[in-house]
Amino acid sequence: MCNRSATSYTPMMREWIGQFKYRGNEKYSSLLGEIMNRAYQAMRYEFAGHKYSRFKQSLWSVDVVTCVPVSEKRLTERGFNQAQILAEEIARRNKLPFLSLLARPQDTGKQSFKSKKERMNTMNNAFSVHPNMANLMKSFILKTESQCVTENKLSVTVLLVDDIYTTGSTLHACARVLKEKALEQGIHLTIFCLTLARS
């Protein structure tokens with residue numbers, strides 16, 4: 001799993017994310033979406049270089065954009081999933097499909113108050129795949145060109161989006177459950193992660 005962040009978690013970025021995430025200030029969605037899109041384009045350029053030639057094909061052909069889910073409790077409180085809005089912005093601007101592949105059955109509380117060890121322990125079993133994940137993936141593969149099928153294997157490149165990268169435990173937990181479930185269905189996932197800010 002490879003992660004890139006669009007920016008550092010500066011005081012200004014903390015304020016912008018706070019306005020967007022906790023106060024529901026919608027005018028920030030387009031601005032933050034543009035920042036994410038520029039970071040995505042930079043990622044594509046970076047991995048197209050000779051140094052990263054082993055990733056060139058997969059990154060230039062990102063197949064699906066998805067996001068880190070929030071619990072039902074958080075969704076009810078905020079009315080939206082900030083990571084999903086950012087992911088959908090990238091998908092829309094790059095004409096890529098967005099699929100909701102993950103679920104968060106339990107609320108894990110605010111991670112910002114926890115140590116790295118506590119975060120990792122909390123995230124270990126925090127996520128599951130969307131109940132219809134396998135069908136969504138297979139349906140998507142059938143609709144796309146044959147680049148998803150190599151050497152008789154189904155291979156899909158996923159861009160996983162979140163707002164803030166702190167220890168990486170959230171993204172690692174999401175990537176793990178996605179890959180495990182995909183392998184059960186005979187699908188090989190290559191996962192790249194893009195976050196808005198790195199703390």
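Reader: Why is S169 called buried?
Author: S169 has a relative accessible area of 12%, and buried means under 20% (exposed is over 50%, partly exposed in between, with a 1.4 Å probe and protein chains only). S169 is therefore buried.

Author: The model is predicted, so local features need pLDDT of at least 70 and side-chain atom pairs pLDDT 80 or more, while totals for chains, interfaces and linings use all residues. Residues are numbered from 1 along each chain as its sequence is written, and side-chain values use heavy atoms, without hydrogens and water.

Reader: What makes the pair S169 and T167 a polar contact?
Author: Their side chains come to 3.0 Å; a polar contact is a pair of N or O atoms within 3.5 Å, and within protein one must be able to donate a hydrogen and the other to accept it (residues adjacent in sequence count only if both atoms are side-chain atoms).

Reader: Why are α1 and α2 called oblique to each other?
Author: Helix α1 (residues 11-21) and α2 pack at an angle of about 130°. Angles under 35 degrees count as roughly parallel, over 145 as roughly antiparallel, 65 to 115 as roughly perpendicular and the rest as oblique. α1 and α2 are therefore oblique.

Reader: What makes α2 oblique to α5?
Author: Helix α2 (residues 27-47) and helix α5 (residues 82-93) pack at about 60°, with their axes 9 Å apart. That makes α2 oblique to α5.

Reader: Which residues of α5 does α2 meet?
Author: I85, L86, E89, I90 and R93 in α5, where contact means heavy atoms within 4.5 Å.

Key: Axes fitted to C-alpha atoms, helices over the stretch in contact; angles between N-to-C directions. Helix = DSSP H or I, 4+ residues; strand = E, 2+ residues; numbered from the N terminus.
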